[in-house]
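Thank you for making time this morning.

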Amino acid sequence: MTSAAPPAPRASRRAGLTVLLRRVGAGIGTLPLSLAAALLVGFALTALVSDEPLRAWLALLTGPLPEFHLGTQGWELRRVVLFGAAIEDAITLALLGLAIALPFRARQFTLGADGQMFLGALAAVATSLALAAWPAMVVLPASLLAAMLVGGAWGLLPGWMRVRHGASEIVTSLMLNLVAVQLFRLILSEWMSDPGAGFIATPLLPPAASLGALIPGTHVSAMLIAVPLLAWAAQAMLDRTSAGYALRAVGQAPDFARRMGLPVARTVMLSTALGGLFAGLAGLHVSHALLGRLPVDLPAGLGYEGLVVALLARNQPRAIPMAALLYAYLRAGGQAMERGTDVPREMVLVIQALIILFVVSERLWPRLAEALARWRSRRGAPAVETVEPSPGVAT
Amino acid sequence: MSAAMNTPWDTATSAAMNIAMGASSDTPPGSAPIGAATPGRLSLHGVSKRYPTGTLAVDQVSLSIAPGEVHAIVGENGAGKSTVMKMLYGLEQPSAGDIRLDGRPVRWRTPREAIAAGMGLVPQHVTLVPSFTVAENVVLGQEPRRGPLLDTRVAIEQVAETARRFGLPLDPRTPVSRLSLGEQQAVGLLKALHQGARILMLDEPTAVLAPQQAAALMTALRRYADDGLAVILITHRIAEIREVSDRFTVLRGGRVAGSAATRDVGEAEIAAMVVGRAVVPRRSRPSPASERRTPVLSMRAVAVTDAGGRQTLEDLTLEIAGGEILGIAGVEGNGQGLLADVLAGLVRAERGQVSVDGVPLRGQGDAGIRAARAAGVAALPEDRLHDGVAPDMSITENAIANRHAEPPVVRRGVPGWFGALDLGGAARETARLLRDFGVVAASPEVPIRSLSGGNMQKVVLAREIALAPRLLVASQPTRGVDIGACESLHERLGALRDSGAAVLLISADLDELLALSDRIAVMSHGRLVGHFAAAEVDARRLGLYMTGVCHDPAARADLDAPFTPAEPCSPSASVTPSAPVAPSARSALSAPSTPSAPSTPSAPDEERLP
């Protein structure tokens with residue numbers, strides 16, 4: 001190393017920081033900042049309640065990872081299970097995220113993913129049981145179709161009530177959730193329960209209808225490959241078809257879309273039906289890949305986690321798989337933290353909530369960047385004023 | 001409203017106001033020459049505003065405004081006028097340079113701080129709570145209280161007192177929802193004055209006013225300045241600068257392009273400063289003298305009430321032939337918007353017939369809109385940002401909105417609604433439109449909200465014309481559009497007319513109506529009250545009909561209808577109440593517009609109400 005290092009690196013680092021500040025000021029690349037901030041605050045909170053905060057923190061961050069080094073016993077099985085659980089969870093959440101995000105793009109704030117998922121799963125299971133004698137080539141497509149149709153139809157309802165009767169889709173989709181969950185329990189316990197199960201549940205699905213595991217020891221199925229494809233398809237539909245164009249226009253500027261003669265009513269119904277379709281697929285994932293049967297007490301409420309995923313992805317379908325993975329990873333990390341350390345799981349829930357709060361505070365980072373840039377310019381640094389002047393976009 | 005309150009901007013109370021303000025002055029008369037130390041003097045020194053995105057909206061602007069002065073800030077859209085105003089009102093902070101008040105640098109972080117320092121803003125669209133009374137709106141934010149409750153009686157007294165002192169004839173007890181747009185603006189002005197403004201900023205205040213109302217407002221502003229307030233008038237109407245201001249500053253591209261005492265320069269010079277080149281005044285082009293043709297648009301005895309019941313159309317009969325522009329003049333809110341909505345298919349006529357090329361327009365809502373579009377109706381909506389574009393979508397996506405399901409935007413051969421968009425084709429098509437219309441844009445993929453008003457309107461017009469409409473309904477086509485783009489839009493409208501389409505031009509800009517239209521109809525309270533050949537009428541006469549001073553009870557605007565006779569002008573008996581400005585119209589028009597010497601500035605605190 002020579003000692004004659006010029007001051008150039010310092011200057012370019014300054015310029016780099018300036019560029020970074022400007023990007024953040026314009027609202028670009030703020031998600032990592034939000035995550036980092038949430039994790040930092042979370043660490044501070046952990047330090048308050050834990051005797052060994054660093055270890056607890058590492059458990060949260062690395063807990064779900066499988067171990068790759070070869071110890072005396074090879075891989076630790078428990079770690080694969082937790083890793084698998086994170087991926088399984090991510091698949092469900094990604095599909096539910098799509099179920100929320102697509103209606104959202106048409107400005108339909110539906111909360112009905114839960115009900116659509118329940119009924120979609122039930123339809124898929126009923127189809128699989130009815131076609132138990134057929135090979136997988138028939139059973140699986142038929143079950144998929146059933147899940148999508150029933151989920152989509154249940155999703156269509158709030159959209160239809162919105163355009164036909166002006167009913168708030170928030171209220172109708174929530175009410176339809178209640179109806180769907182009770183309908184699910186009624187049908188399951190009255191007509192589909194397996195007397196030999198020992199608890200109220202459907203019979204086990206025939207082997208032909210089960211989705212096999214890609215990773216041994218987990219329930220990670222081919223859905224892992226299907227989800228990014230579905231997200232891509234949803235994005236392509238939005239970006240590259242007439243219907244997707246109408247959907248975005250209706251969501252961004254409804255009065256404009258109306259005056260342009262776009263089929264507003266049809267588009268609204270399409271958006272909620274598409275959402276239902278994805279929620280139905282989430283149901284199929286739960287029944288066919290994770291559980292192998294449907295218990296009557298299938299826990300409700302997962303649909304609202306889809307809302308968080310959609311929010312993290314800012315309703316961009318292409319970002320949803322990653323957002324779902326991130327969120328599922330945090331959830332699994334929370335389990336690891338809870339099991340392996342003295343930190344209660346409640347703390348993990350708090351940190352998850354913090355991440356969401358930071359993400360939705362869209363203007364926080366641009367504001368901070370602007371303040372920082374002003375502070376630097378006052379200290380005489382080459383701050384934001386180094387841009388090429390581009391007047392004329394004011395007012 | 002009492003009888004005395006029927007004339008906003010009434011000149012009668014100016015004497016009372018003079019006394020009130022003169023008495024409150026604690027500065028010895030004539031002792032303070034206008035200079036850096038004069039109380040209430042506002043100055044900007046090399047003020048720049050750069051947004052975090054890198055946009056330099058205001059660049060090294062310096063100007064100064066003294067009490068007793070009306071200072072006009074002029075410039076095209078995007079010149080930085082609004083940004084300067086926002087900085088002066090604490091909505092934005094300068095990135096560099098100083099704002100000084102009475103020589104001391106100030107830094108307002110919120111409008112509240114700016115107001116406390118004596119700034120007052122009357123925005124272009126005054127935001128009021130419709131269900132509140134005038135008094136409640138005016139005291140909002142600094143309510144007189146009795147215990148935890150609003151002291152309504154004191155509020156009314158205080159507001160009435162302010163209104164009296166400043167000659168604003170508004171009844172504090174009237175709910176704002178009953179006021180016209182012009183009166184609502186007067187409430188905005190009253191609010192700023194009531195908050196103790198020493199420096200009054202008005203953002204394009206005459207955009208919503210009839211000529212007589214505008215003239216009266218100018219007279220009032222002149223008077224406030226003469227009584228010691230400083231008035232900053234943001235405008236792009238050169239006539240207003242000439243009429244009322246002492247000095248003006250021209251902004252172009254965020255910089256000061258020129259500044260002068262108004263009496264030293266002529267209109268043409270100001271216009272050249274604004275656009276950066278000399279502007280040739282347009283003159284009305286006589287329409288091709290062909291015999292009467294069959295109408296493209298025909299409306300017969302149409303009557304309709306809008307959902308809110310605020311606007312109506314009554315017994316409206318009009319026709320427009322192909323190759324003709326029919327102008328609609330009227331004070332805003334007199335049914336023009338409803339007329340445009342009926343033609344666009346949003347609202348169905350309750351009685352009467354509307355047809356385009358002989359095809360009756362039926363249905364309403366989505367079906368009505370599609371029927372109207374299928375019949376060949378295109379529209380430039382009045383509220384461009386809300387109805388004309390999807391602001392956050394790209395220029396391309398906005399430009400293809402009326403063709404989103406057909407070639408060349410959709411690939412040929414792919415049927416139906418899930419047809420794949422041909423993004424390349426759409427981009428090429430858009431690039432062609434942008435080139436044709438001379439739209440300045442970084443790229444067709446940037447959000448359309450980044451365009452200036454003029455460029456945005458060019459995109460909207462390009463889109464609407466692209467399908468060769470039979471009828472174009474143009475509502476306020478050049479509102480908020482700079483002079484250069486305005487000319488080009490006018491040429492396009494003229495070209496569309498010459499190609500054989502019918503154009504309905506609804507505009508508050510009478511010069512525009514007179515320059516473009518073949519015939520002009522005046523609307524008041526949902527009726528036609530006058531019908532003129534554009535070549536034989538002037539702004540003053542239109543103004544008399546717009547404000548209800550005159551009224552032609554038999555006015556129709558079909559192709560065979562007679563024009564409203566020149567004399568006698570029948571004072572409107574049947575239309576009540578007439579537009580509130582009417583009685584003062586003539587006096588306002590004849591009011592002297594030469595600036596008088598600034599009077600002694602008054603002390604800020606004394607101007608406020610006890």
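Let me begin with chain A, where domain 1 of chain A and domain 2 of chain A bury about 1300 Å² between them, with 67% of that area on carbon and sulfur atoms; buried area here is the accessible area, taken with a 1.4 Å probe, that two parts lose on being put together, summed over both. A:Arg345, A:Gln352 and A:Ile356 supply 36% of the area that domain 1 of chain A buries against domain 2 of chain A, more than any other three residues.

Before going further, please keep in mind that this is a predicted model, in which local features need pLDDT of at least 70 and side-chain atom pairs count only at pLDDT 80 or more, while totals for chains, interfaces and linings use all residues. Residues are numbered from 1 along each chain as its sequence is written, chains are lettered from A and ligands numbered from 1 in the order in which they are written, and side-chain values use heavy atoms, with hydrogens and water left out.

The contact between them takes 14 residues from domain 1 of chain A and 13 residues from domain 2 of chain A, where contact means heavy atoms within 4.5 Å.

How many salt bridges are counted between these two domains? The count is 0, a salt bridge being a side-chain nitrogen of Lys or Arg within 4 Å of a carboxyl oxygen of Asp or Glu.

Helices here are DSSP runs of H or I with at least four residues, strands are runs of E with at least two, and both are numbered from the N terminus. By class, that side has 8 nonpolar, 4 polar and 2 charged residues, where Ala, Val, Leu, Ile, Met, Phe, Trp, Tyr, Cys and Pro count as nonpolar, Asp, Glu, Lys and Arg as charged, and the others, Gly among them, as polar.

Now to chain B, which has 20 helices and 22 strands, and in which 58% of the 610 residues count as buried; buried means under 20% relative accessible area, exposed means over 50%, and partly exposed lies in between, with a 1.4 Å probe and protein chains only. Chain B is divided into domain 1 (41-118 + 198-275), domain 2 (295-376 + 469-596) and domain 3 (387-468). Between domain 2 of chain B and domain 3 of chain B, the contact takes 15 residues from domain 2 and 13 residues from domain 3, and the buried area is about 1100 Å², of which carbon and sulfur atoms give 64%.

This interface in chain B has 1 salt bridge, and 3 residue pairs are in polar contact, both residues being at pLDDT 80 or more. On the domain 2 side, helix H16 (residues 483-498) of chain B gives the most, with 6 residues, and the residues of that side divide into 8 nonpolar, 3 polar and 4 charged.

Which residues form a salt bridge with B:Glu464? One of them is B:Arg373, with the closest N and O atoms 3.4 Å apart, and this pair links distant parts of the chain, with B:Arg373 in helix H11 (residues 365-374) and B:Glu464 in helix H15 (residues 453-466) of chain B, 91 residues apart. B:Arg373 counts as partly exposed at 21% relative accessibility, whereas B:Glu464 is buried at 2%. B:Glu464 also meets the side chain of B:Arg463 in a salt bridge, at 3.1 Å from N to O, and both B:Arg463 and B:Glu464 are buried.

Conventions:
Domains from an automatic or database assignment. Polar contact = N/O pair within 3.5 Å; in protein donor to acceptor, adjacent residues only side chain to side chain.
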